[in-house]
Amino acid sequence: MKIAIVTGASSGLGREFARQLVSEYPEVEQLWLIARRKDKLEDVAASLPRPAVCMALDLCDPMSFTAFQEKLLLEQPEVHLLVNDAGCGYLGNLGETDTALETRMIDLNLRALTAITNLTIPYIPRGGRIINVSSIASFCPNARMTVYSSTKAFVSHFTVGLGEELRKKGISVTAVCPGPMSTEFCDVGNITGNSPMFATLPYCDQVHVAHGTLLAAKYRHTFYTPTMFYKIFRLVAKLVPVKLMTKFTKT
Ligand SMILES: NC(=O)c1ccc[n+]([C@@H]2O[C@H](COP(=O)([O-])OP(=O)(O)OC[C@H]3O[C@@H](n4cnc5c(N)ncnc54)[C@H](OP(=O)(O)O)[C@@H]3O)[C@@H](O)[C@H]2O)c1
């Protein structure tokens, strides 16, 4: 069975990946959708042009990796596309925030992404693809979201290193670096109404971001940064010393 796996498929960008991926990858016969909220996953599954398996897993719980591994062992799928989308970001200065929320970003954005990728790679055939959702936050540190921007720097680094490891196997790895999007992310992370930076920046449309990312992965690009504004921002972040950049990128 040729499948695609999408983590974070219950809302926002992950839901858009699930909705759009079959039009770019028609060989996909089944989708595996992962998130905690089963009812939301089932709503998404009902709207898809292919059958979908809804896996209600809390990826911050390491037991979810065991459940995922058991499903892979049982089904022995060919994973043509893995989309690591699940992620969270919380606003606040370290020392004033909830430690459980700070470490949650590491558990979900790093540990889960690494575990799901490592468990899935043996099932990805030559020609397969991995998409990792990074962020413009990966371009330089963002004060007041220091842990979040550090996790996304990991995701971008991880993408390049893994792409090199998998090159000889014919598997490509693409990171997408969107700017802010109007999803549940900003409410969950206490960002809405509390971040002058988020209030100022131009927003990306998750429908376009998903479409552009699926195309970038199709052409096996390593990075995709949506919109000219953020492409220029990425270039500036490469040219300007990081300490100076960090003075202007406080969330
Ligand atoms: N929105 C932005 O401004 C923005 C900008 C750049 C990058 N991003 C990145 O884009 C990705 C998607 O975010 P989004 O904007 O679409 O936000 P979102 O709507 O909040 O989506 C997050 C997804 O992750 C899932 N998730 C959260 N915690 C989970 C857990 N413990 N276990 C399993 N799944 C979990 C959520 O589902 P459940 O709640 O059902 O578990 C949801 O499907 C994230 O990696 C985020 O860092 C977002």
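This report covers the ligand site, ring contacts, cysteines and selected residues of a predicted model.

## Ligand site

The ligand is surrounded by 30 residues. The closest are Arg-36, Arg-37, Asp-85, Tyr-148 and Thr-183.

Ser-10 contributes a side-chain N or O atom, which is 2.8 Å from an oxygen atom of the ligand. Leu-13 contributes a polar backbone atom, also with a distance of 2.8 Å to a ligand oxygen. For Arg-37, a polar side-chain atom lies 2.7 Å from an oxygen atom of the ligand. On its own the ligand has 880 Å² of accessible area, and the protein covers 96% of that area.

## Aromatic pairs

The model has four aromatic pairs. One of them joins Phe-139 and Phe-233, whose ring centres are 5.7 Å apart. The planes of Phe-139 and Phe-233 make an angle of 55°, and the pair is classed as tilted. Phe-139 sits in the loop between β5 (129–133) and α5 (146–166), while Phe-233 belongs to helix α9 (residues 228–239), so the pair ties together parts that are 94 residues apart in sequence. Phe-139 is buried, its relative accessible area being 15%.

Another pair is formed by Phe-154 and Phe-158, and this one is stacked. The distance is 5.6 Å centre to centre, with 20° between the planes; planes under 30 degrees apart count as stacked, so the pair falls in that class. Both residues are in helix α5, four residues apart, which is about one turn of the helix. Phe-154 is partly exposed at 31% relative accessibility, whereas Phe-158 is buried with a relative accessible area of 17%.

## Charges over rings

Lys-71 lies over the face of Trp-32, at 5.6 Å from the ring centre. Arg-234 takes up a position over the face of Phe-223, with 4.4 Å to the ring centre.

## Cysteines

The count of disulfides is zero. Cys-54 is in no disulfide, and the nearest cysteine sulfur, that of Cys-60, is 20 Å away. Cys-54 is buried, with a relative accessible area of 17%.

Cys-88 is in no disulfide either. Its nearest cysteine sulfur is again that of Cys-60, here at 6.1 Å. Cys-88 is buried at 6% relative accessibility.

Glu-24 is in helix α1 (residues 12–24). Glu-24 is buried, with a relative accessible area of 14%. In sequence, Glu-24 and Lys-218 are 194 residues apart, yet in space the C-alpha to C-alpha distance is 7.8 Å.

Met-245 is in helix α10 (residues 242–248). At 7% relative accessibility, Met-245 is buried. Asn-142 is 103 residues from Met-245 along the chain, and the C-alpha atoms of the two are separated by 9.1 Å.

## A buried asparagine

Asn-84 is part of strand β4. Its relative accessibility is 3%, and it counts as buried. The side chain of Asn-84 makes a polar contact with the side chain of Asn-132, at 2.9 Å.

## Positive phi angles

Gln-76 is not a glycine but has a positive phi of about 50°. Gln-76 is found in the loop between α3 (63–75) and β4 (78–84). It is partly exposed, with a relative accessible area of 49%.

Asn-190 also has a positive phi, near 60°, in a residue other than glycine. The position of Asn-190 is in the loop between α6 (185–188) and α7 (196–200).

How values were computed: Residues numbered from 1 in each chain as written. Predicted model: local features only at pLDDT ≥ 70, side-chain atom pairs only at ≥ 80, totals over all residues. Heavy atoms only, no water. Phe/Tyr/Trp six-rings, centres within 6.5 Å; stacked < 30°, edge-to-face > 60°. Helix = DSSP H or I, 4+ residues; strand = E, 2+ residues; numbered from the N terminus. Buried < 20%, exposed > 50% of the residue type's maximum accessible area, 1.4 Å probe, protein only. Lys NZ or Arg CZ within 6 Å of the ring centre and 35° of its normal. Near = heavy atom within 4 Å. Polar contact = N/O pair within 3.5 Å; in protein donor to acceptor, adjacent residues only side chain to side chain. Areas by Shrake-Rupley, 256 points an atom, 1.4 Å probe, with all protein chains shown as cover. Disulfide = S-S within 2.5 Å.
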